[in-house]
Amino acid sequence: MAFVALGQGSSGKTAAPTKASKVAFILLAPGMIYLGLFFLTPLVSLVITSLKTASFTGEIGMYDYAFQVSNYGYALETYFPQIARSFVYAIIATLAALLISYPIAYFIGVKARSKPMLQAFLLTLVIAPFFISFLLRTFAWKQIFSNESPATQFLQSIGVLAPDQYVIGSSFAVIAGLTYNFIPFMTLPIYTSLERLDTRLVEAGSDLYATPAQTFWKVTFPLSLPGVISGTLLTFIPISGDYISASRDFLGGSDTAMIGNVVEANFFRIQDYPTASALSVMLMAAIVVLVSVYVRKSGTEELL
Amino acid sequence: MATDFVARGQDLELVGIRKEFPGFTAIENLDLKIPAGEFFALLGPSGCGKTTTLRIVAGLDEATSGKVLIGGKDVTSTKPHDRPVNTVFQSYALFPHMTVLENVAFGLRQRKVADPLAKATEALQLVELEHLALRKPQQLSGGQQQRVALARALVNRPALLLLDEPLGALDLKLRRQMQVELKAIQMEVGLTFLHVTHDQEEAMDMADTVAVMNKGQIEQMGAPEALYDRPKTAFVARFLGQSNIFVGDVVEENANSISISCNGQKIAAPKSRSEKHTGRVALGVRPEKATFHEDKPDLDSNHNLVGPGEIIDIRFTGVSNQYLIDVPGFGDITVFAQNVGKSPVVELGAQVWVSWKVEHAFGLSDLPLKADNDEA
């Protein structure tokens with residue numbers, strides 16, 4: 001599984017001596033109890049809820065214990081467009097974040113090595129958005145590209161947008177918002193692996209007749225793969241479940257809803273708990289499957 | 001893509017190379033010509049500019065001024081990937097994400113040579129590592145990695161192979177073995193080798209020509225025997241082997257020899273082996289050319305004799321005994337005596353005279369620096 005692969009880097013040596021196992025157990029206990037209470041219990045509860053059936057009293061929001069697997073079929077059928085859209089958006093936003101982040105990470109991690117002050121300054125710039133809540137930042141984008149804003153009017157005047165077209169509410173706005181919010185999660189892991197890149201290997205590449213571009217694809221990029229994998233996982237997983245950017249309150253419109261928005265609507269508006277739970281479980285399962293295939297295919301288990 | 005694929009070595013010529021870094025000059029006006037097929041060693045202490053010279057030849061650093069010619073062609077502004085040159089890096093710089101075989105095949109694949117894996121395997125056979133072809137470099141020992149780095153460079157049959165202290169990280173036994181192998185490979189493939197090292201034994205042992213570099217300049221260049229027999233500067237005399245050096249004013253000059261006066265005693269050197277014939281001059285002699293006597297010997301004018309002095313240190317190094325003799329007015333004189341069964345019956349503190357043949361003495365063009373004296 002992907003998470004096993006992710007953890008391999010640090011695991012290294014096996015089995016602490018038996019003497020230390022008591023200490024290890026005590027040290028691990030708080031974490032285990034926490035995970036048991038706040039991760040495992042809700043997960044089990046979620047799976048149980050996803051199989052419930054409507055209460056025979058017919059009261060809205062009341063459900064009885066059951067084993068109604070058809071909830072999954074119903075959810076999949078009803079919300080297939082939103083599910084598909086979630087993954088399409090997530091893939092596009094992840095790729096966009098990668099394309100934007102890699103050059104930034106390369107510049108900070110390799111080119112700026114000789115200038116530690118510049119390096120620290122640029123890293124701070126990458127992290128700076130974290131100082132402000134991402135809700136506020138997303139809301140700021142909504143303001144900047146609101147329908148009457150100068151930015152939107154400018155785009156309409158130069159013909160990028162038709163006079164009756166707007167930025168907010170489009171797929172483009174949602175994907176741009178997702179990309180923007182997750183760029184630091186992509187940049188930092190890539191920076192970490194590029195920062196360790198031995199530039200003598202790049203010199204060796206050029207000494208062995210590889211042009212700078214060939215050296216990049218044959219030496220630099222493969223050696224930065226661990227960072228690229230971590231970065232794409234750290235962006236792809238949360239983006240798939242994101243519901244802020246796509247929400248109509250923020251950058252989304254009537255036809256940009258993702259799984260997160262549907263889950264939210266089912267839970268809080270129509271109180272269809274089983275369907276919402278089934279959607280959540282499916283999202284989780286889909287991510288686990290996708291990520292494991294990805295980590296396998298990229299052949300980076302040993303690099304991680 | 002390299003424009004030429006040559007199976008034979010080519011000559012290298014450096015014309016007026018100068019390299020400035022912020023704050024200091026690493027290389028000052030360097031001229032150098034290495035004939036095709038030669039094993040050339042650039043010898044010098046760390047920081048003398050030898051590695052910078054190598055990097056300029058490889059194209060990894062740009063010279064501030066001057067020209068680099070390989071096989072008569074000006075490659076000064078040619079990018080490293082277009083130069084018919086390969087380097088064995090000090091750190092080996094093997095690609096950690098590739099197998100040993102893929103590392104060796106890298107250059108061949110870049111140049112789209114037919115059947116790269118077969119040729120890479122052949123190169124691995126040459127360094128006797130074909131059985132480890134599918135390992136990753138980090139699974140190999142230092143000596144094995146070094147041989148992979150060598151194979152990776154050699155397989156391309158570059159016009160010029162650059163070696164940047166590649167044997168530095170190896171232990172003595174492995175280093176000796178690699179020196180022999182390297183020399184054999186060079187003779188076999190007939191490539192031009194430029195070997196940068198600070199190990200004088202390694203340079204003398206392997207190279208056809210040695211250039212001794214100091215402070216960004218070549219002090220002296222020649223065959224190892226010639227350099228050792230007749231060093232021309234105090235730096236070379238001390239960096240390449242050991243030397244006893246005496247400084248004094250020239251008091252006598254005839255057709256064949258010059259003599260300096262040192263603490264009232266005369267020391268002579270052949271005129272043909274001396275760089276300077278007037279004024280203050282430094283004369284030297286190698287420790288193994290000097291002998292010592294327990295009684296003042298009666299020697300003809302073909303010998304220099306100093307003494308009496310006191311033996312202040314005796315070191316047993318296996319093949320020889322090294323004596324350090326303090327002669328008032330001459331400083332400490334080192335004498336090597338071969339271990340040929342009976343060790344000389346002298347003890348620490350014994351009074352001795354030191355002599356050597358005039359023909360073994362050499363005259364230097366400069367005077368030793370204070371720092372050099374302290375070192376010796």
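## Phe172(A) and its helix

Helices here are DSSP runs of at least four residues, numbered from the N terminus. By that rule, Phe172(A) sits in helix H7 of chain A, which covers residues 171-195. The model is a predicted one.

Is Phe172(A) buried, exposed or partly exposed? A buried residue needs 20 or more other C-beta atoms within 10 Å of its own, and an exposed one has 12 or fewer. Phe172(A) has 14, so it counts as partly exposed. Ser55(A) lies 117 residues from Phe172(A) along the chain, and their C-alpha atoms are 41 Å apart.

## Domains of chain B

Chain B is assigned two domains. Domain 1 spans 12-229, and domain 2 spans 242-367. Their C-alpha centres are separated by 39 Å.

## Nonpolar cores

The largest nonpolar core holds 109 residues. Val57(B), Val104(B), Ala151(B), Leu162(B), Leu194(B), Val212(B) and Val354(B) have the most contacts inside it. Where does this core lie relative to the domains of chain B? It lies between domain 1 and domain 2, because both give residues to it. In soluble globular proteins, nonpolar side chains tend to be buried together.

Leu162(B) shows the packing in detail. Setting aside residues up to four places away in sequence, Leu162(B) touches Leu54(B), Val57(B), Ala58(B), Val85(B), Thr87(B) and Leu194(B). Another core, of 46 residues, lies apart from the largest one. Its members include Tyr102(A), Ile168(A), Met186(A) and Leu233(A).

## Where chain B meets chain A

The contact involves 17 residues of chain B and 14 residues of chain A. On the chain B side, two elements give two or more residues each: strand E6 (85-88) and helix H2 (100-110). H2(B) supplies the largest share, three residues.

## An open sheet in chain B

Five strands of chain B form an open sheet, in the order E13-E12-E11-E14-E20. The pairing is antiparallel. Strand E13 (265-270) and strand E20 (362-363) of chain B are the edge strands, each pairing on one side only.

Strand E12 of chain B, residues 257-262, runs antiparallel to E13(B) and is joined to it by six bridges. Ser257(B) has Pro270(B) as its bridge partner in E13(B). Strands of a sheet pair through backbone hydrogen bonds, either parallel or antiparallel.

Note on methods. Residues are numbered from 1 along each chain as its sequence is written. Chains are lettered from A and ligands numbered from 1 in the order in which they are written. This is a predicted model: local features need pLDDT of at least 70, side-chain atom pairs count only at pLDDT 80 or more; totals for chains, interfaces and linings use all residues. A nonpolar core is a set of buried Ala, Val, Leu, Ile, Met, Phe, Trp, Tyr and Cys residues joined through C-beta atoms within 7 Å. Domain bounds come from an automatic or database domain assignment. Two residues are in contact if their C-beta atoms, placed from the backbone, lie within 7 Å. Two strands pair if DSSP finds at least two bridges between them.
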